[in-house]
Amino acid sequence: MSAAATHPEAPGRPRLLARKRVRQTMLVWCFLLPSLAIFLIYRVIPLGWNFVLSFQDWSPMRPARWAGLDHYEEMFFHDEVFWTACWNTLIFMASAPLAIAMALGLALLVNADIRGRDVYRTIIFISYPLMTVAVAIIWRWMFDERVGLINYVAREAGLVDRPIPFLNSFTWALPSVIAANIWQMLGFYMIILLTGLQNIPQNLYEAAAIDGAAARHRFRRITLPLLKPSLFLCFVIGMLNSFTSFDLVYVMTGGGPARATELLVTYIYKLSFVQTKFDYAAAVTVFFFVLLIVVAWGANRLSGGNAGAVEAD
Amino acid sequence: MSDEDPDGPLWRRLLLNRFVLVPGAIAAAILAWNIYVASHDNGIVEGLVVDPKGEPVAGASVALWVLNFTTYVEHAHTRTSADGRFRFDGNASHNIQLAAEKPGVGRSARVPVRLYFKAQDATLSEPLRLAGG
Amino acid sequence: MHRYPRWPIHLTLLGVSFVMLVPFYWVLKTSVSGENIFAYPPSVIPKNPHLFYYVDVWYYIPFARYFLNSVIVSFLCVAANVVFNAMAGYALTRGFAGKSLVLMLFLSCMMVPFQATIIPAYLMTGRLGLLDSHLGLALPQMSTIVCIFVFKASFDAVPRSLIDAAKIDGLSEWRIVWRVMMPLAKAAIATNVILGFIWSWNNFLWPLIVTRSADMQTLPLGLARFLSYQEDTTGALYAFCIMVLAPGILLFLLAQKEFIRGLTSGATKG
């Protein structure tokens with residue numbers, strides 16, 4: 001294709017080179033086009049569409065009418081379910097640091113010089129690539145009131161006298177869902193932290209040991225600071241995961257006994273595809289996305305700026 | 001991935017890695033299973049009817065029920081031959097029940113028989129035992 | 001490192017492994033014996049194990065149809081992913097006007113979860129007439145940013161001299177990508193294949209929204225529908241779970257390294 005362009009002729013050389021550069025740029029853009037199109041169509045345009053839709057009064061049968069801030073007013077001032085869902089989502093998100101701390105402990109253990117660490121790593125990680133629907137069914141049954149394993153163990157161990165209706169009680173439903181989520185995500189956090197741990201140069205530890213630093217200090221002064229990018233990445237992933245845990249909640253509790261486990265994402269689904277209130281759901285989606293960005297930005301600021309996950313060229 | 005034997009010939013590298021061996025083994029197992037199913041799916045159900053003393057019963061009537069969604073419906077009847085054996089042809093289900101009775105000798109319990117695939121040829125391991133008189 | 005006793009570490013890790021594996025064992029046990037659905041107390045070893053629940057699942061629900069749908073959609077996703085992501089990754093290794101803008105766009109798209117776009121995506125798919133079709137199911141997942149950067153990192157590692165030699169030989173850009181760079185990026189391709197497959201195989205929300213007819217459903221949908229019809233009154237539900245989990249586990253065990261490498265590429269460099 002560019003064979004002719006690689007044999008420049010003296011008089012027409014600048015023109016040929018310019019044509020070659022233009023052609024190369026066009027080619028690069030052609031290469032980018034499919035991926036770019038997919039992201040534009042399925043990420044960028046939907047954001048704008050949601051935003052516009054949230055200000056309209058629209059249903060699939062009728063043409064759109066301008067509704068101004070009606071949906072937002074209804075959402076913030078008249079919708080109990082919205083605030084419950086919002087609160088539940090934030091609680092779910094607050095469980096991520098707990099899971100990350102556990103995963104850090106596991107990563108430190110697995111990183112130690114023991115035999116069979118690859119086997120441990122595989123066993124702990126195997127829950128992550130599984131289908132969340134199947135995981136939800138398994139845990140839904142484990143938490144069952146009559147025949148669940150959790151109740152059985154608790155009763156055998158004498159912790160409780162009567163079985164606890166985990167998924168049917170207002171206090172236990174959301175923690176149960178969170179526990180299932182932690183079970184699934186623990187391996188993922190551990191893998192990321194393990195990679196971060198393995199990237200810390202050993203000679204730093206050795207130098208500190210020579211200088212007489214205790215293990216505690218080595219951990220706080222060397223390990224934690226150098227793990228900050230991995231910890232930040234884990235938190236961002238955990239936050240995204242808790243915001244988007246539709247599969248788990250939908251199958252385990254369907255939103256919970258009287259919305260006790262309703263998350264923003266399940267509420268959005270129900271509004272749009274069960275009640276077909278697309279315009280109101282769009283307003284909730286806008287809030288959902290803004291909340292996500294605010295939390296991510298807040299976490300970035302708290303961790304001191306660009307402790308970010310991915311580098312930019 | 002394919003660098004487990006970098007010095008071997010190309011065909012060996014392409015063939016002897018886990019991404020070929022494992023799916024290949026699975027495909028071979030599926031093929032073998034399908035061959036087995038195709039050769040054994042004539043829908044023949046055979047068995048023996050005995051009386052409370054353990055003697056074969058001739059002329060007992062045997063009924064075959066077939067699972068229809070959640071309940072069993074009667075599908076076929078036959079009689080045992082002189083040596084107490086019976087045989088059904090044309091069972092198309094994988095979840096059936098059998099019961100035998102002979103007036104004067106008794107009737108047997110409804111025995112569930114579960115098969116591994118529809119119309120699997122089956123021979124009962126335990127005879128249908130008449131009781132009651 | 002200082003010497004310290006190993007056995008507490010092993011003990012803790014064994015305990016954690018036990019907790020991680022117990023759900024699997026419990027489901028496996030119930031799928032072969034049907035206990036613990038009504039009976040209490042549960043037993044540890046299944047009495048009278050049998051495989052007939054798996055037969056029930058096979059005939060009671062159109063498992064083969066759901067499986068085929070999942071396979072087709074995943075295949076479409078993975079094939080498109082490899083091609084599109086490789087092309088985009090290669091384009092990002094070249095310098096061109098607007099490159100930083102494109103990079104920023106990609107990075108910020110990572111923060112837009114799919115769940116925030118379901119309404120417009122559904123409406124758009126409806127307008128395109130792709131509702132209830134394999135292509136409509138596969139389309140939103142035909143490119144992922146993580147995999148683009150995996151390819152970019154892999155292409156960046158190709159020595160410049162090879163590309164120059166290919167250029168001197170007169171190869172076009174397209175040929176350079178396919179003949180020179182892709183064979184050297186086998187690890188990136190493997191990572192992309194496994195990540196793309198797992199993500200599209202496990203996807204539940206999008207098929208839930210887009211499918212209308214029962215015979216277009218994918219496996220996760222079939223599983224959830226089975227639960228809502230049958231509740232948990234039969235061991236067949238757990239046999240279905242095992243049948244659904246088995247391919248995922250098998251694939252993961254086969255391609256563990258590639259999977260982990262793809263996920264941690266964001267942790268190391270990006």
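Q: How many residues of domain 1 of chain A are in contact with domain 2 of chain A?
A: In this predicted model, 4 residues of domain 1 of chain A are in contact with 6 residues of domain 2 of chain A.

Q: And what classes of residue are on the domain 1 side?
A: The side of domain 1 of chain A that touches domain 2 of chain A has 3 nonpolar residues and 1 polar residue, with no charged residues.

Q: Where do the two domains of chain A run, and how far apart are their centres?
A: The domain assignment places domain 1 of chain A at 4–53 and domain 2 of chain A at 72–302, and the C-alpha centres of the two lie 40 Å apart.

Q: What is the mean pLDDT of chain A?
A: The mean pLDDT of chain A is 85, with 92% of its residues at 70 or more. Over residues 1–9 of chain A, however, the pLDDT is below 50, and the model gives this stretch 12 contacts beyond near neighbours in sequence. Residues 308–313 of chain A also stay under 50, and for them the model has 16 contacts beyond four places in sequence. Where pLDDT is low, the predicted coordinates should not be read in detail.

Q: Switching to the chains: which pair has the most contacts?
A: Of the 2 pairs of chains that touch, chains A and C have the most contacts, and that contact takes 77 residues from chain A and 77 residues from chain C.

Q: What gives the largest share on the chain A side?
A: Helix α1 (residues 13–53) of chain A gives the largest share of the side that touches chain C, with 17 residues. By class, the side of chain A that touches chain C divides into 56 nonpolar, 15 polar and 6 charged residues.

Q: Where does chain B come in, and how many residues does its contact with chain C take?
A: The contact between chains C and B takes 6 residues from chain C and 9 residues from chain B, whereas chain A and chain B do not touch, their nearest C-alpha atoms being 18 Å apart.

Q: Which elements of chain C give two or more residues to the side that touches chain B?
A: Those elements are α2 (52–60) and α10 (186–201) of chain C, and α2(C) gives the most, with 3 residues. The residues on this side of chain C divide into 5 nonpolar, no polar and 1 charged.

Q: Now inside chain C, at what angle do α1 and α13 pack?
A: Helix α1 (residues 7–33) of chain C and helix α13 (residues 235–254) of chain C pack at about 125°, with their axes 8 Å apart, and that angle makes α1(C) oblique to α13(C). The crossing of α1(C) past α13(C) is left-handed.

Q: Which residues meet there?
A: From α1(C), the residues C:V27, C:L28, C:T30 and C:S31 meet C:G235, C:Y238, C:A239, C:C241 and C:I242 of α13(C). This contact of α1(C) with α13(C) divides into 6 nonpolar, 3 polar and no charged residues.

Q: And α3 with α7, what is the handedness of that crossing?
A: α3(C) passes α7(C) in a right-handed crossing. The axes of α3 (residues 63–91) and α7 (residues 145–156) of chain C come within 8 Å and cross at roughly 55°, so α3(C) and α7(C) are oblique to each other.

Q: What residues does α7 bring to that contact?
A: α7(C) brings C:C147, C:I148, C:F151, C:K152 and C:F155, which meet residues of α3(C) including C:N81, C:N85 and C:Y90. The contact of α3(C) with α7(C) divides into 7 nonpolar, 3 polar and 1 charged residues.

Note on methods:
Residues numbered from 1 in each chain as written. Chains lettered and ligands numbered in written order. Predicted model: local features only at pLDDT ≥ 70, side-chain atom pairs only at ≥ 80, totals over all residues. pLDDT = per-residue confidence, 0-100. Contact = placed C-beta atoms within 7 Å. Domains from an automatic or database assignment. Nonpolar A, V, L, I, M, F, W, Y, C, P; charged D, E, K, R; others polar. Helix = DSSP H or I, 4+ residues; strand = E, 2+ residues; numbered from the N terminus. Axes fitted to C-alpha atoms, helices over the stretch in contact; angles between N-to-C directions. Parallel < 35°, antiparallel > 145°, perpendicular 65-115°, else oblique. Left-handed = near helix turned anticlockwise from the far one by under 90°.
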